[in-house]
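Please load the model in a viewer and keep the sequence panel open beside it.

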Amino acid sequence: MIGKAYTPDEVAQLFQISKHTVYELIKRGELQAFKVGNKMRIEHSEIERYKESTKAPAKKIQVEEMDTHASSPIRLSGSHDFLVEHFVKQTSKDLQQQIQPTYIGSLEGLMMLYRGQSDIAAIHLLDPASQEYNLPFIHQLFVHESISVVKFVSREQGFIVAKGNPKGISDFWFKKMFSLLIVKKGLGQGFFLTQCFQRMALPQQK
């Protein structure tokens with residue numbers, strides 16, 4: 001016979017935490033739940049078991065966490081930006097904290113964070129609909145997870161042209177742009193250019 005079962009909202013009230021944290025505990029397997037239709041339920045016995053499992057001396061937990069951080073590198077994935085690379089080097093040098101980078105592009109870097117394969121994602125993704133960077137993609141992927149977003153750097157995007165700018169390039173809409181060959185470095189780094197081409201109805205070759 002099944003005893004009393006609680007909803008995630010009720011468990012959140014019991015523990016005085018957010019509902020999103022309850023879903024995160026369920027997702028990590030720390031709190032067992034079952035489904036009734038499409039609704040999550042947690043048995044009273046499971047709540048008691050979880051409470052008992054978290055009862056440990058505070059000092060012991062802190063020592064274990066410090067040891068883990070000292071021995072395990074922080075996994076970073078995303079865009080290969082010069083300032084990100086500099087940050088990785090300086091952090092290792094000044095803080096004695098190893099960061100293991102995987103420069104794979106903004107979108108795939110964010111997906112690695114979503115899949116739990118990295119701890120930090122360095123991204124610059126422009127949403128075509130809202131013209132807003134990063135947040136629309138984060139909100140779409142991380143519905144129940146608690147995510148910290150830090151604005152690391154802002155930069156101005158533009159062209160690198162020949163000395164003296166002999167073609168007189170001033171912006172994307174300049175008529176001579178139609179006769180130029182523009183080379184994109186990679187998938188993530190060409191995202192902004194691709195959108196500009198689409199707005200101007202320019203042909204693209206891969």
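Which backbone nitrogen lies 3.4 Å from a polar atom of the side chain of Glu145? It is the backbone nitrogen of Val143. The model is a predicted one.

**Stop 1: Glu145.** Keep Glu145 selected; this residue is found in the loop between helix 7 (135-141) and helix 8 (191-200). Glu145 counts as buried because its relative accessibility is 18%, and the cut-off for buried is under 20%. Leaving aside residues up to four places away in sequence, Glu145 touches Glu24 and Lys27.

Stop 2: Select residues 5-6, 34-36 and 39-43, which are strand 1, strand 2 and strand 3. These three strands form an open sheet in the order 1-3-2, with antiparallel pairing. Strand 1 and strand 2 are the edge strands, each pairing on one side only. Two bridges join strand 1 to strand 3, and Tyr6 stands opposite Ile42 in strand 3. Next, display helix 3, which packs on the sheet and touches strand 1 and strand 3; its direction makes about 65° with that of strand 3.

**Stop 3: the largest nonpolar core.** Select Tyr6, Val11, Ala12, Val22, Leu25, Ile26, Leu31, Ile42, Ile47 and Tyr50, the 10 residues of the largest nonpolar core. Helix 1 (8-15), helix 2 (19-27) and helix 3 (44-53) each give two or more residues to this core. The largest share, three residues, comes from helix 2. Centre the view on Tyr6: among its contacts beyond four places in sequence are Val11, Met40, Ile42 and Ile47. Apart from this core lies another, of six residues, including Leu110, Ile123, Leu125 and Phe137.

**Stop 4: aromatic pairs.** The structure holds three aromatic pairs, and two of them are visited here. Select Phe15 and Tyr50, a tilted pair at 5.8 Å centre to centre with 55° between the planes. Phe15 lies in helix 1 and Tyr50 in helix 3, so the pair ties together parts that are 35 residues apart in sequence. Phe15 is partly exposed at 24% relative accessible area, whereas Tyr50 is buried at 15%.

Finally, select Tyr114 and Phe142, an edge-to-face pair at 5.7 Å centre to centre with 75° between the planes. Tyr114 is in helix 6 (residues 106-114), and Phe142 is in the loop between helix 7 and helix 8, 28 residues apart. Tyr114 counts as partly exposed at 35% relative accessibility, while Phe142 is buried at 9%.

Key: Residues are numbered from 1 along each chain as its sequence is written. This is a predicted model: local features need pLDDT of at least 70, side-chain atom pairs count only at pLDDT 80 or more; totals for chains, interfaces and linings use all residues. Side-chain values use heavy atoms; hydrogens and water are left out. A nonpolar core is a set of buried Ala, Val, Leu, Ile, Met, Phe, Trp, Tyr and Cys residues joined through side-chain atoms within 4.5 Å. Buried means under 20% relative accessible area, exposed over 50%, partly exposed in between (1.4 Å probe, protein chains only). Helices (H or I, at least four residues) and strands (E, at least two) are DSSP runs, numbered from the N terminus. Contact means heavy atoms within 4.5 Å. Two strands pair if DSSP finds at least two bridges between them. Axes are lines fitted to C-alpha atoms, for helices over the stretch in contact, and angles run from 0 to 180 degrees between N-to-C directions. A polar contact is a pair of N or O atoms within 3.5 Å; within protein, one must be able to donate a hydrogen and the other to accept it, and residues adjacent in sequence count only if both atoms are side-chain atoms. Rings of Phe, Tyr and Trp (its six-membered ring) pair if their centres lie within 6.5 Å; planes under 30 degrees apart count as stacked, over 60 as edge-to-face and the rest as tilted.
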